[in-house]
Amino acid sequence: MEPPENVEKKDFYFWISFLNYSYWVIATALGGTYEQHITNFVQTIGPENIEYLSHDYYPFHLGGTALGIFGDM
């Protein structure tokens, strides 16, 4: 997926990443799962437009380890 004309790549990909994260935060707050989020993201963008799909996850927190995300993968 390439940015529209006159839009810098760094700005374009920043906003795609920001919106993707925002959708995930809202979806999980409403009871959605990570699997549903990724499925919706891929359907919205179109699998033909995705060369690579990666994510970050940090399970280690001051109060313990959160491993729940792995059940949704």
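Author: Let's start with a definition: a residue is buried under 20% relative accessible area, exposed over 50%, and partly exposed in between, using a 1.4 Å probe and protein chains only. Here, Phe18 is partly exposed, at 39%. Bear in mind that this is a predicted model, where local features need pLDDT of at least 70, side-chain atom pairs count only at pLDDT 80 or more, and totals for chains, interfaces and linings use all residues. Residues are numbered from 1 along each chain as its sequence is written, and side-chain values use heavy atoms, leaving out hydrogens and water.

Reader: Okay, how many aromatic pairs does the structure hold?

Author: Rings of Phe, Tyr and Trp (its six-membered ring) pair if their centres lie within 6.5 Å; planes under 30 degrees apart are stacked, over 60 edge-to-face, and the rest tilted. This structure has four such pairs. One of them joins Phe12 and Tyr13 edge-to-face, at 5.1 Å between centres and 75 degrees between planes. Phe12 is buried at 15%, while Tyr13 is partly exposed at 32%.

Reader: And why is the pair of Phe14 and Phe18 called stacked?

Author: Because their planes sit at 15 degrees, with the centres 6.2 Å apart. Phe14 is partly exposed too, at 46%. Ring pairs also link Phe14, Trp15 and Phe18 into a cluster.

Reader: Where do Phe14 and Phe18 lie in the helix?

Author: An α-helix has 3.6 residues a turn, so residues three or four places apart point the same way. Helices are DSSP runs (H or I, at least four residues), numbered from the N terminus. Phe14 and Phe18 are four residues apart in α1 (residues 9-29), about one helical turn.

Conventions
Helix = DSSP H or I, 4+ residues; strand = E, 2+ residues; numbered from the N terminus.
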